[in-house]
Amino acid sequence: MKPLIVLLVTFFLSLIIARLSTGEWSLLFAGNVAMCCMLLLTAFGHFKFTNGMVMMLPPVIPFKTAVVYISGIVEIVLGIMLLFPPTRNIAGNLLIILFIVLLPANIYAASINLNIEMANHEGPGYGYLYFRVPLQLLFIGWVLYFSTGWFR
C-alpha cells in the first residue's frame, strides 16, 4: 500500500508544482518523478528489510542477500534514469521486465505467509495477492504510458 500512496501523492504534487512553475500540466514529468520516488521507497526496503526480502526468494535462488541488494540498487538506478529523457525509454523497458520477474517472488512470499518487514511467517498469505497482482499491473501500465511511450 505504501508504494501506491507514494506513487499517487508524488504524481499529484509533481503535477501541481509543474503547473505552478511552468504554466503547463506536465504529465510525463509528474509520472516519471512519481515512479522514481516509488522505486526509491521500495529500494530502501531492500536495505532496511533485507532479512524479509531474502525470505521472499524461493529456495532455488542462490546468493539471496546479494540478489536483494543488487535488485535494490537496480531499482535506484532505473528510477533515476526515468528522470532523463535520453535514458527514460531503456529504463522503462527494463522496469517492465523487472516488474514481471519480481511477481513470482511476491507469489512465493504470499504462499509462505511472509511478513517482509518482520521477517516472519505471520503475513497476510494469498489474500495479499488480490492487492499485489493488480498493483504490479498498474506499475507496468504506468511505466508503459509515462516512460516508454507505448500508449502515447
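This is a predicted model: local features need pLDDT of at least 70, side-chain atom pairs count only at pLDDT 80 or more; totals for chains, interfaces and linings use all residues.

Colleague: Let us begin with helix 1 and helix 2. At roughly what angle do their axes cross?

Modeller: Two packed helices are described by the angle between their axes and the distance between the axes. Helix 1 passes helix 2 in a right-handed crossing. The axes of helix 1 and helix 2 come within 8 Å, and their crossing angle is roughly 145°.

Colleague: Which residues of helix 1 make the contact with helix 2, and how many of the contact residues are nonpolar?

Modeller: From helix 1 the contact takes Lys 2, Pro 3, Val 6, Leu 7, Thr 10, Phe 11, Ser 14, Leu 15 and Ala 18. In the contact of helix 1 with helix 2, four residues are polar and one is charged, while the nonpolar ones number 15.

Colleague: Where is Ser 26, and which residues does Ser 26 touch?

Modeller: Ser 26 sits in the loop between helix 1 and helix 2. Its relative accessible area is 25%, so Ser 26 is partly exposed. Leaving out residues up to four places away in sequence, Ser 26 touches Leu 15 and Ala 18.

Colleague: And how far apart are the C-alpha atoms of Ser 26 and Phe 84?

Modeller: Along the chain, Ser 26 and Phe 84 are 58 residues apart.

Colleague: Now for helix 2 and helix 4. Are they roughly parallel or roughly antiparallel to each other?

Modeller: The axes of helix 2 and helix 4 come within 8 Å and cross at roughly 165°. Angles over 145 degrees count as roughly antiparallel. Helix 2 and helix 4 are therefore roughly antiparallel.

Colleague: Is the crossing of helix 2 and helix 4 left-handed or right-handed? And how many residues of that contact are nonpolar?

Modeller: The crossing of helix 2 and helix 4 is left-handed. Among the residues making the contact are Cys 36, Leu 39 and Phe 47 of helix 2, along with Val 68, Tyr 69 and Ile 80 of helix 4. Five residues of the contact of helix 2 with helix 4 are polar and one is charged, whereas the nonpolar ones number ten.

Colleague: Helix 2 also comes up with helix 5. How is helix 2 oriented to helix 5?

Modeller: The axes of helix 2 and helix 5 come within 13 Å and cross at roughly 45°. That angle makes helix 2 oblique to helix 5.

Colleague: Which residues of helix 5 meet helix 2?

Modeller: The crossing of helix 2 and helix 5 is left-handed. On the helix 2 side, the contact uses Asn 32, Met 35, Met 38 and Leu 39. Those of helix 5 are Arg 88, Leu 95 and Phe 99.

Colleague: How many disulfides are there?

Modeller: A disulfide needs two cysteine sulfur atoms within 2.5 Å. The cysteine sulfur closest to that of Cys 36 belongs to Cys 37, and at 5.4 Å it is too far for a bond. The number of disulfides therefore comes to zero.

Colleague: What is the phi of Phe 63, and what is the phi of Asn 113?

Modeller: Most residues other than glycine have a negative phi. Phe 63, in the loop between helix 3 and helix 4, is exposed at 70% relative accessibility. Asn 113, in the loop between helix 5 and helix 6, is partly exposed at 33% relative accessibility. Both have a positive phi: for Phe 63 about 50°, and for Asn 113 near 55°.

Colleague: One last stop: is Gly 123 buried or exposed, and which residues does Gly 123 touch?

Modeller: Gly 123 lies in the loop between helix 5 and helix 6. At 19% relative accessibility, Gly 123 counts as buried. C-alpha to C-alpha, Gly 123 and Ser 111 are 9.7 Å apart. Not counting residues up to four places away in sequence, Gly 123 touches Asn 113, Leu 114 and Asn 115.

How values were computed
Residues are numbered from 1 along each chain as its sequence is written. Side-chain values use heavy atoms; hydrogens and water are left out. Axes are lines fitted to C-alpha atoms, for helices over the stretch in contact, and angles run from 0 to 180 degrees between N-to-C directions. Helices (H or I, at least four residues) and strands (E, at least two) are DSSP runs, numbered from the N terminus. Angles under 35 degrees count as roughly parallel, over 145 as roughly antiparallel, 65 to 115 as roughly perpendicular and the rest as oblique. A crossing is left-handed if the near helix is turned anticlockwise from the far one by less than a right angle, and right-handed if clockwise. Contact means heavy atoms within 4.5 Å. Buried means under 20% relative accessible area, exposed over 50%, partly exposed in between (1.4 Å probe, protein chains only). Ala, Val, Leu, Ile, Met, Phe, Trp, Tyr, Cys and Pro count as nonpolar, Asp, Glu, Lys and Arg as charged, and the others, Gly among them, as polar.
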